[in-house]
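The exercises below are to be worked with the sequence and the 3D structure at hand. Each task is followed by a solution in steps.

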Number of protein chains: 2
Amino acid sequence: MSNVKVLPLLEPDVVACCPPLNERPMSADEAEAAAKMFKALGDPVRLRLFSAVASHEGGEACVCDISDVGVSQPTVSHHLKKLKAAGLLSSERRGTWVYYRVQPAVLAAMSALLAGTAKEAV
Amino acid sequence: MSNVKVLPLLEPDVVACCPPLNERPMSADEAEAAAKMFKALGDPVRLRLFSAVASHEGGEACVCDISDVGVSQPTVSHHLKKLKAAGLLSSERRGTWVYYRVQPAVLAAMSALLAGTAKEAV
């Protein structure tokens, strides 16, 4: 259908890892993998940057696109790298800039993990 | 329909706070509220305890029900209190024990926040 080049997909452990939280108690390994993702979003600045990337045109952004969260460009870069290390963003260099993109599979897995809990607990 | 007594519902800021992450960049206040919740789940032991409560019969549990995550009872209590402070659990004392229960509205809001991102980014 399309010739759009897709960024290589990372497949962090969480994608395959975790059933809904209310299905059964998580194992230590599962919790270790999933906690990394939640921790990455557990910082207000990182969360704002993540939402800046996610809501940017085309679902991707470079440091050059993000300047209004009140931190310096090196700090923005530092946090984007942390989000990438946690598997929540992928990146691709184009010329001078590195472009970051949200990882839909990982986010869908995190969302499902919580959604199951929310649904069953009602 | 039912006479079941419902635990008092907390309504932490996140419930009303946050649109899907890809809708627009989060404000500082929104990020502050949502990051607290993610941070609470960003610790492997807390995440295991949370899943132990969520998957326990009836969606609630006391410290007395949770003994297999490899930490002492005071540590379990400490983490459950942190999850409560973040708005993810509510609690009720019955006799000797405090019973903890998942907060479905908060989890649904967190799940929706991520689900929007996952969907739009595909």
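**Exercise 1: a serine and a leucine**

Apart from neighbours within four places in sequence, S111(B) is in contact with S111(A), L114(A) and A115(A), where contact means heavy atoms within 4.5 Å. The model is predicted: local features need pLDDT of at least 70, side-chain atom pairs count only at pLDDT 80 or more, and totals for chains, interfaces and linings use all residues. Residues are numbered from 1 along each chain as its sequence is written, chains are lettered from A and ligands numbered from 1 in the order in which they are written, and side-chain values use heavy atoms, with hydrogens and water left out.

Task: State which helix holds S111(B), and whether S111(B) is buried or exposed.

Solution.
- Step 1. S111(B) is found in helix α5 of chain B, residues 104-121. Helices (H or I, at least four residues) and strands (E, at least two) are DSSP runs, numbered from the N terminus.
- Step 2. Buried means under 20% relative accessible area, exposed over 50%, and partly exposed in between (1.4 Å probe, protein chains only).
- Step 3. The relative accessibility of S111(B) is 6%, so S111(B) counts as buried.

Task: Find the contacts of L114(A), leaving aside its neighbours within four places in sequence.

Solution.
- Step 1. L114(A) belongs to helix α5 of chain A, residues 104-121.
- Step 2. With a relative accessible area of 0%, L114(A) is buried.
- Step 3. The contacts are L21(A), F38(A), L41(B), L107(B), M110(B), S111(B) and L114(B).
- Step 4. Between the C-alpha atoms of L114(A) and P104(A), 10 residues apart along the chain, the separation is 15 Å.

**Exercise 2: the sheet of chain A**

Task: Give the strand order of the open sheet and explain why one side of β1 and of β2 of chain A has no neighbour in the sheet.

Solution.
- Step 1. Two strands pair if DSSP finds at least two bridges between them.
- Step 2. The 3 strands have the order β1-β3-β2 (chain A), with antiparallel pairing.
- Step 3. β1 (60-62) and β2 (89-94) of chain A are at the edges with a single partner strand each, so one side of each lacks a neighbour in the sheet.
- Step 4. β2(A) is joined by 6 bridges to β3 (residues 97-102) of chain A; E92(A) stands opposite Y99(A) in β3(A).

**Exercise 3: a histidine**

Task: Is H79(B) buried or exposed?

Solution.
- Step 1. Helix α4 of chain B (residues 73-85) contains H79(B).
- Step 2. H79(B) counts as buried because its relative accessibility is 10%.
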